[in-house]
Amino acid sequence: FGVIARPLFLLRKWTHKYVPNWGWAIVFQTLIINLALLPLRISSMKSALKMQKVQPQMTSIKEKYKKYTMRDPRKQEMNQEIAALMKKEGVSPAGGCLPMLIQMPFLFAYYSMLGSALELRHAPWLWIHDLSAPDPFYLLPIGIIITMLITQKMTPQAGMDPAQQKMMTLMMPLMMGIISFNLAAGLCLYWSEGNLIAIAQQAIMNRTSLGREMREMAAKRARKKDK
């Protein structure tokens with residue numbers, strides 16, 4: 001991830017000229033990175049919402065061909081129907097994964113950069129005395145868990161089983177939060193702020209007509225499951 005880590009290092013040094021504290025420099029740099037990625041993230045979030053919208057129709061198609069084995073040639077017809085449906089609705093199966101795929105290289109690159117950034121060693125920020133060491137009070141890792149829970153809760157999942165959705169809503173943030181407990185505080189600061197920005201983005205998306213429709217579909221599915 002050096003190809004990403006090197007520009008991040010240069011951006012961090014440039015930011016530090018105007019923001020003397022390294023912690024606030026990371027906050028400012030995180031904002032710049034997320035603003036630069038905003039158009040692609042909005043596009044991928046729209047794609048994810050559209051994917052959820054057609055999920056019930058895809059499930060219906062799969063149910064129709066469930067009786068056939070994987071080797072049966074008629075299974076190919078199922079794939080063709082699903083592909084035609086996705087083409088008609090303008091949906092990409094990988095669209096909803098892009099936000100995580102975009103964020104992960106930056107997380108790894110930031111981790112690599114912080115490990116070799118001598119300036120961050122013993123650099124203070126608010127309650128933290130060393131941004132290159134883990135948060136002594138674990139407030140940032142806890143913040144990562146909370147912000148991920150909020151993001152998962154805010155994201156409509158109309159095509160997912162409510163029980164499965166509930167499990168994923170809890171398990172993913174807890175797993176990522178536990179991983180972050182031993183990471184450098186500077187990385188956790190970047191990660192948690194990115195999650196806060198994602199919450200703001202999701203709140204805006206949920207106010208769109210597509211977002212409202214997805215929440216209604218998810219609520220309707222949950223009511224059916226309760227019955």
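Visitor: Which element gives the most to the nonpolar patch?

Guide: In this predicted model, helix α2 gives the most to that patch, with 3 residues. The patch lies on the surface and consists of Trp 14, Tyr 18, Phe 28, Leu 31 and Leu 35, with about 540 Å² of accessible area together. Two elements, α1 (2-18) and α2, each give two or more residues to the patch.

Visitor: Is Leu 35 buried or exposed?

Guide: The reading rests on relative accessible area, with exposed meaning over 50%. Leu 35, which lies in helix α2, has a value of 53% and is therefore exposed.

Visitor: What is the general expectation for nonpolar side chains?

Guide: In soluble globular proteins, nonpolar side chains tend to be buried together.

Visitor: Which residues of the largest nonpolar core touch the most other members?

Guide: This core has 23 residues, and those touching the most other members are Trp 125, Ile 128, Leu 131, Leu 140 and Leu 189. Helices α2 (22-64), α5 and α7 (185-206) each supply at least two of its residues. The largest share, 6 residues, comes from α7. Another core lies apart from this one; it has 11 residues, including Met 51, Ile 82, Leu 85 and Met 86.

Visitor: With which residues is Leu 131 in contact, leaving aside its neighbours within four places in sequence?

Guide: Its partners include Trp 22, Gly 23 and Ile 26. Also among them are Leu 120, Ala 123, Pro 124 and Trp 125, as well as Ala 184, Ala 185 and Gly 186.

Visitor: Why is α7 described as largely enclosed by the rest of the structure?

Guide: The description follows from a count of buried residues: 18 of the 22 residues of α7 are buried, so the helix is largely enclosed. At 1.5 Å a residue, α7 should span 32 Å, and its end C-alpha atoms are 31 Å apart, which agrees.

Visitor: How many residues has helix α5, and which of them are buried?

Guide: Helix α5 (residues 139-154) has 16 residues and reaches 22 Å from its first C-alpha to its last, close to the expected 22 Å. Its buried residues are Leu 140, Pro 141, Ile 144, Ile 145, Thr 147, Met 148, Thr 151 and Met 154.

Visitor: How many helices and strands has the chain?

Guide: The chain has 8 helices and 0 strands. Buried residues make up 41% of its 227 residues. Among contacts between residues at least 6 apart in sequence, 72% join residues at least 24 apart. The accessible surface comes to about 13300 Å², of which 65% belongs to carbon and sulfur atoms.

How values were computed:
Residues numbered from 1 in each chain as written. Predicted model: local features only at pLDDT ≥ 70, side-chain atom pairs only at ≥ 80, totals over all residues. Heavy atoms only, no water. Helix = DSSP H or I, 4+ residues; strand = E, 2+ residues; numbered from the N terminus. Expected span 1.5 Å × (residues − 1). Buried < 20%, exposed > 50% of the residue type's maximum accessible area, 1.4 Å probe, protein only. Core = buried A, V, L, I, M, F, W, Y, C linked by side-chain atoms within 4.5 Å. Contact = heavy atoms within 4.5 Å. Areas by Shrake-Rupley, 256 points an atom, 1.4 Å probe, with all protein chains shown as cover. Patch = residues over 30% accessible without salt bridge, like charges linked within 9 Å, V, L, I, M, F, W, Y side chains within 5 Å. Salt bridge = Lys/Arg side-chain N within 4 Å of Asp/Glu carboxyl O.
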